[in-house]
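The stops below are given in the order to select them.

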Amino acid sequence: MNIVYLSLGSNLNDPLLQVKTAIKEIPNSAEITLLAISSLYETPPIGPKQPNFINAVVKIGTSLSPLQLLEAMQEIEKKHQRERTIHWGPRTLDIDLLLYNDQKIDIERLTIPHPFMHERAFVLLPLLEIEPTLETPLHGTLSKYLETLADRFDIVKVEDPPLIPKVTPHA
């Protein structure tokens, strides 16, 4: 089983509901098990003027390859009417693969570890809530980065971690 961390974000069409619904949809196959969920946070946007985001991080176990998982997460984004029109613009749902075991992947469709995760408090805060001593193959201990990010003070916890949905056997 591969251990993967995903970040989720939304700032359109009831962002809190978008993120909570997506968290429930992630383990909708026998190949994905939800292991941990962070609290949900309201965070200011990066990029053009737009509404604040709701962000969270989940830890999953999966037998899917990195590209298979990317495709599965993009299907969930499509169900939420994700449109890729403005770089760093508003979105109904964004799911990023942060870490996939200790693998380093750099191909056209996917870069792991996520290239900006260590620069974004809205990723690090929920990630470190799940795994306070987490290290990456490129950056080492992640907690040292959070201490240097001024935008960490702009993040507001809006909800405790949702309960992990009960696993139902897949047909």
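The tour goes from the nonpolar cores to a histidine and then to salt bridges.

This is a predicted model, in which local features need pLDDT of at least 70, side-chain atom pairs count only at pLDDT 80 or more, and totals for chains, interfaces and linings use all residues. Residues are numbered from 1 along each chain as its sequence is written, and side-chain values use heavy atoms, without hydrogens and water.

Select Leu6, Ile26, Val58, Ile60, Leu69 and Met73: of the 27 residues in the largest nonpolar core, these touch the most other members. A nonpolar core is a set of buried Ala, Val, Leu, Ile, Met, Phe, Trp, Tyr and Cys residues joined through side-chain atoms within 4.5 Å; buried means under 20% relative accessible area, exposed over 50%, partly exposed in between (1.4 Å probe, protein chains only). A second, separate core of 19 residues includes Tyr5, Leu98, Ala121 and Leu127.

Go to histidine 118, in the loop between β7 (110–112) and α3 (121–130); helices (H or I, at least four residues) and strands (E, at least two) are DSSP runs, numbered from the N terminus. Histidine 118 is buried, at 14% relative accessible area.

Next, show lysine 20 and glutamate 159, a salt bridge with its closest N and O atoms 3.0 Å apart. The term means a side-chain nitrogen of Lys or Arg within 4 Å of a carboxyl oxygen of Asp or Glu. Lysine 20 is partly exposed at 29%, and glutamate 159 is partly exposed at 23%.

Finally, select glutamate 131 and lysine 59, a salt bridge at 2.6 Å between the closest N and O atoms. Both residues are buried.
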